[in-house]
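Reader: Please pick one residue in this model and describe closely what surrounds it. Then place it in the rest of the fold, with cut-offs for the terms you use.

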Amino acid sequence: MAQRFGGEFSPGGQPKNAPPTRRPFDGQEPARSAGRVNFLFLAPLPLAIRAFFQPPTEMALTLVAFGLLIGSAWLTRDGVMAHQAYDARKIARRPAIPRKLFGSALMGAGLALVGFAGGSVLNAVIFGALGVGLHLAAFGPDPLRNKSAEGVDEFQTDRVARAVGEAEKHLNTMRETIARIRDRRVEARLDQFIATARDMFRTVEDDPRDLTSARKYLGVYLLGARDATAKFVDIHLRDPHGGALADYEALLDDLEANFTAKTKQFLKDDRSDLDVEIEVLRERLAREGVRSED
């Protein structure tokens with residue numbers, strides 16, 4: 001779908017000195033292995049064609065191998081996405097299912113069946129070992145332990161990771177829902193709010209003590225925003241020229257303003273804590289006879 005050009009003097013354009021539009025993945029790098037994951041879906045296709053030119057037994061083995069390789073690609077894709085989300089967060093729980101490891105196992109099993117279909121057990125062993133080894137070399141293993149901030153206990157880490165994980169699900173559902181109306185401008189507006197919400201997530205991860213104050217934002221407010229997005233899309237699809245779009249954009253404006261204000265409050269409190277720590281340290285140094293130069 002074409003995207004309308006918008007400049008400083010265009011209708012609805014932003015002033016020249018206006019801050020750039022936020023995006024939900026600003027500062028994040030794209031997955032480096034995306035091309036390799038896509039190749040995993042394409043590589044087994046010749047097996048599906050070849051299978052129908054083989055005897056029945058070999059055809060069955062080849063088709064099963066094809067299914068295992070496609071399953072490996074699917075698990076690997078989800079594993080790479082989960083690993084990318086894990087890397088993007090400062091506090092995160094390890095994936096509940098090691099998808100990339102299961103993907104490497106399916107890759108080895110699929111290639112082993114291909115070798116066995118050729119009538120050689122040795123080929124099956126070699127192909128299977130190469131499949132597992134090359135898959136692990138290309139994509140690596142899944143994260144095997146929880147990631148926490150320095151000085152934060154495991155209980156606090158789990159609370160923050162669970163809360164942020166649920167909040168991310170709400171944001172992803174909102175994006176998937178809004179995509180149904182196929183409006184780039186509304187999608188961009190939602191992406192800007194998502195970036196603002198994720199600023200709060202990163203702030204809470206930096207200082208888990210903020211989780212208590214942020215819980216209603218990560219839970220109640222985002223849950224309400226998710227439900228409001230679903231209702232807006234349903235109404236907008238039935239009546240695109242009604243007033244639902246303006247109301248929804250006003251809702252996003254209000255949410256973004258509240259999230260921004262709360263995040264700034266967290267940062268201000270963190271700065272106050274830092275000032276207190278500095279003052280206490282100076283008093284201790286003064287009692288020890290050490291004077292700092294202001």
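**The residue and its setting**

Author: Thr 177 touches Thr 229, Ala 230 and Val 233, with residues up to four places away in sequence left out; contact means heavy atoms within 4.5 Å. This is a predicted model, in which local features need pLDDT of at least 70 and side-chain atom pairs count only at pLDDT 80 or more, while totals for chains, interfaces and linings use all residues. Residues are numbered from 1 along each chain as its sequence is written, and side-chain values use heavy atoms, without hydrogens and water.

Thr 177 sits in helix α6; helices (H or I, at least four residues) and strands (E, at least two) are DSSP runs numbered from the N terminus. Thr 177 is classed as buried because its relative accessible area is 13%, where buried means under 20%, exposed over 50% and partly exposed in between, with a 1.4 Å probe and protein chains only. Buried residues make up 35% of the 294 residues in the protein.

The largest nonpolar core has 31 residues, and Phe 193, Leu 218 and Phe 232 have the most contacts inside it. Such a core is a set of buried Ala, Val, Leu, Ile, Met, Phe, Trp, Tyr and Cys residues joined through side-chain atoms within 4.5 Å. At least two of its residues come from each of α6 (154-178), α7 (184-206), α8 (211-238) and α9 (244-287). Neighbours within four places aside, Leu 218 is in contact with Ala 163, Val 164, Ala 167, His 170, Met 200, Phe 201 and Leu 211. A separate second core of 13 residues includes Leu 40, Ala 48, Val 80 and Phe 139.

Overall, the protein has 9 helices and 0 strands. Of the contacts between residues at least 6 apart in sequence, 75% join residues at least 24 apart.

An unreviewed UniProt entry places the feature "transmembrane region" at residues 59-76 and 97-115; such annotations may be inferred rather than shown by experiment. Residues 59-76 are 100% helix, with end C-alpha atoms 26 Å apart. Residues 97-115 are 89% helix, and there the end C-alpha atoms are 28 Å apart.
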